[in-house]
Amino acid sequence: MTKFQYTEKSKRRVNQNCILAKNGFQPYERCSSCNLKVPKCTGMQYNLFIFIVSMLLLLFIFITDPLLIRLNIALIIIVLVVMGYRVMINSDEIARTSFENIQLSGKLKAQSDTLQDEVLRQTKELKSLAIHDRLTGLYNRYEFELRLKNSLKDAKENKTQHVLCYMDLDQFKIVNDTSGHIAGDELLRQLSILLEDALDSEAFIARLGGDEFGVIIYESTLQEAKQKMHEVLDVVKAYRFSWEDKLFRIGASIGMVPITHECQNLNDLLVFADAACYTAKENGRNRIHSYVSLDENLVEHKNDLQWLEEIDSALDENRFTLYGQPIKPFKTDDSVPHFELLVRIIDRDGDIIDPMSFIPTAERFNKMATIDRWVIKEAMFLSRELLNKGSQCQFSINLSGQSLGDEELSEYIKSLFLRTEIPYENICFEITETAAISNLSKALIFIKELRSLGCKFSLDDFGSGLSSFAYLKNIPVDYLKIDGQFIQGINNNRIHAAMVHSIQKIAEVMKIETICEYVENKEVHDYLKSIGVDYAQGDYLCVASSIQECIDKNL
C-alpha cells in the first residue's frame, strides 16, 4: 500500500515510496496520488528497474546452465545500462529545468523591479497631481489652504507674522470672450511662470481657480510684503499676451491680510483677503488694498458675502416666498383683479427677510436673473391653481436688468406658458425705466416678442430718468407706473403734482393706463383719482402680505 505524508510546510502529499519525492524533489506534472503521472515519474521508474534487477539476481539461485547464467548476466547489464541512461536523461532534464527556472526567476525579478519602479513613479506622480494645478504647474487650492493653516498655527504658537495675498486678474475675461478658453489657458500658463520668477523663496504661490492666485509671504511685515507685491504687480502690468493677430494687456487687483496670532481662523483670513481684493477692484483695479479692521468697504463686502450665502442656500432649500399687494382701479369695473408679486426670504428661524436686505447683493453678484426665474415659475403655477378653482387674476412680476440681458429668458417663459396653459394676459412684466433704457435693444426685442403673444408690460418707476418722455414713444407698454417719490405727499407738493399730472395727460394721449404706488392716505388717493389716474397701489388700500392671504382678501 502506498504511503503518503502530509506536511504543513509544503501543504501537499508526498509519496514515501518514491525515491525522488522522499528526497524533496517536486515534479512538474501531477497525478492523483503524489500528483505525478506514473510514466513520467522518475522515482517510480527507479523502483521498477531495481525490482527487475532484483528478480534477475534471484534467478542465479535457481539456474545452473552456464548459457542461462550468461544470458541472465547480459539482461542485468542491459537493465543497468537502461537504468543509467534514464538517470542521465532525467538528470539532464532536471538540470535543464533548473536552469530554466533560474532564468525565469531572473526575468520575474527584473519584471518585479520594473513594476516596483513604475508603481513608485506613478505614486510620486499622483502625489504631485494631488497638490499641483494641472494647467499651470503651480500648487493648487488644497495645498494652499494647508500651507495657510500651518502659517496661522505658526503665528499663534510662535508669535510670528506672515502675510496672505489674494490676487485676481483684471480684464482676463476679455481674452476668453474674444479668443476662446484655449487662449485664456495659455495666458495663465505664461503668467504663472512670470509670477513664480517674480517671487523669492520666502513666498509660496498657488493657483486658487480661474484667474485667481494666492500668495503667502513668510515672516514678513505688511509693508515688506506690500513692496514685494508691488514688484509682482509691475510684472503683470508689463506683460503683453499675444494670440494670433491680437495683443492683450492685463492687470491685477491684490488684497493683503496680515497673518498674526490675533487671527481667529482660516475662513476669516480668506474672507478678509477676498474683501480686500474686491475693494482694490472697486477703487480702480491694478492696485493693492491692505486689510485693516473697521474698513467700511471690507465690512460691506463681508456683509455681501454673507447675504450671497443666504441667497444661495434659500434657493437650494426653497426658502423664497411670494408676497403680494393689490393694484386697484379707481373706477369700479369688471376688470380682472391685479396683484404685484413681491419676493421675500424666510430665514432658518422662520422670520421674513425684507427684500432690500438681499436684493442689492443679488444685483451685485448677478443672482437676480435666477431669482426672477423662480418668481416667474411660482407665479405661473399659482395662476394655474387659481384657474383650476375657477378664479382668475393678473400678476405683475418685476424683472431686473440682468434678466433683460438673458437671451434665453423669453424661451423659458414660453415653455412655462405651454406647461401651465394659462392665458398670456394673466402675466404682466414690470420693467424699471432705468433697466429698459440701459438694455434698450434687448428690452425692445423681449417686450415685442411676449407682448405679441398677449402678455402685458408695465414701465416701472417712470419719471425717474432724465429722458423719460423721449424713450416712452419707443417702448410699447400697457401701463405706466409713476415713480413713488412723486406720489408721497403729492397733495402738498405743487411741483410733484404738476409732473404727475403731465405724465397722466401724455399717457392718456398714448392710450397707456397709469398706476400710482405709495398711496398711503386718503388725501393722496382722492387727488390721484381727481386727475384721472387709472390704478392705485399702497398701504392705504392694502398692506403687502403673503400672496395667498392677499388673494383671499381681494378676490
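Biologist: Which residues of helix 10 (residues 355-364) are buried?

Modeller: Residues are numbered from 1 along each chain as its sequence is written, and side-chain values use heavy atoms, with hydrogens and water left out. Helices (H or I, at least four residues) and strands (E, at least two) are DSSP runs numbered from the N terminus, while buried means under 20% relative accessible area, exposed over 50% and partly exposed in between, with a 1.4 Å probe and protein chains only. On that basis, the buried residues of helix 10 are Pro355, Phe358, Ile359, Thr361 and Ala362.

Biologist: Which backbone nitrogen does the side chain of Asp354 reach at the start of helix 10?

Modeller: A polar contact is a pair of N or O atoms within 3.5 Å; within protein, one must be able to donate a hydrogen and the other to accept it, and residues adjacent in sequence count only if both atoms are side-chain atoms. A side-chain oxygen of Asp354 comes to within 3.0 Å of the backbone nitrogen of Met356.

Biologist: What residue with a positive phi follows helix 10?

Modeller: The phi of this residue is near 55°. The residue is Asn366.

Biologist: Is Ile345 buried or exposed?

Modeller: Ile345 belongs to strand 12 (residues 338-346). Contact means heavy atoms within 4.5 Å, and Ile345 touches, among others beyond four places in sequence, Phe320, Ile353 and Phe358. Its relative accessibility is 0%, so Ile345 counts as buried.

Biologist: Which residues of helix 18 (residues 522-530) are buried, and what arc do they cover?

Modeller: The buried residues are Val524, His525 and Leu528. The arc is taken over the directions from the helix axis to the C-beta atoms. These residues lie on the same side of helix 18 because their arc around the axis is only 100°.

Biologist: What covers the buried residues of helix 18?

Modeller: At the start of helix 18, a side-chain oxygen of Asn521 lies within 3.2 Å of the backbone nitrogen of Glu523. After helix 18 comes Gly532, with a positive phi near 95°. The cover of the buried residues includes helix 17 (494-509), strand 18 (513-516) and strand 19 (535-536).

Biologist: What kind of aromatic pair do Phe429 and Phe446 form?

Modeller: Rings of Phe, Tyr and Trp (its six-membered ring) pair if their centres lie within 6.5 Å; planes under 30 degrees apart count as stacked, over 60 as edge-to-face and the rest as tilted. The structure has 13 such pairs. For Phe429 and Phe446 the centres are 6.1 Å apart and the planes at 65°, so the pair is edge-to-face.

Biologist: Which ring does the charged end of Arg147 sit over?

Modeller: The criterion is NZ of Lys or CZ of Arg within 6 Å of the ring centre and within 35 degrees of the ring normal. Tyr139, Phe144 and Phe204 form one aromatic cluster. Arg147 is 5.0 Å from the centre of the ring of Tyr139.

Biologist: What is the mean pLDDT of the protein?

Modeller: Over residues 1-12 pLDDT stays under 50, and residues 27-33 also stay under 50. Where pLDDT is low, the predicted coordinates should not be read in detail. Across the protein, 84% of residues reach 70 or more, and the mean is 83.

Conventions: Predicted model: local features only at pLDDT ≥ 70, side-chain atom pairs only at ≥ 80, totals over all residues. pLDDT = per-residue confidence, 0-100.
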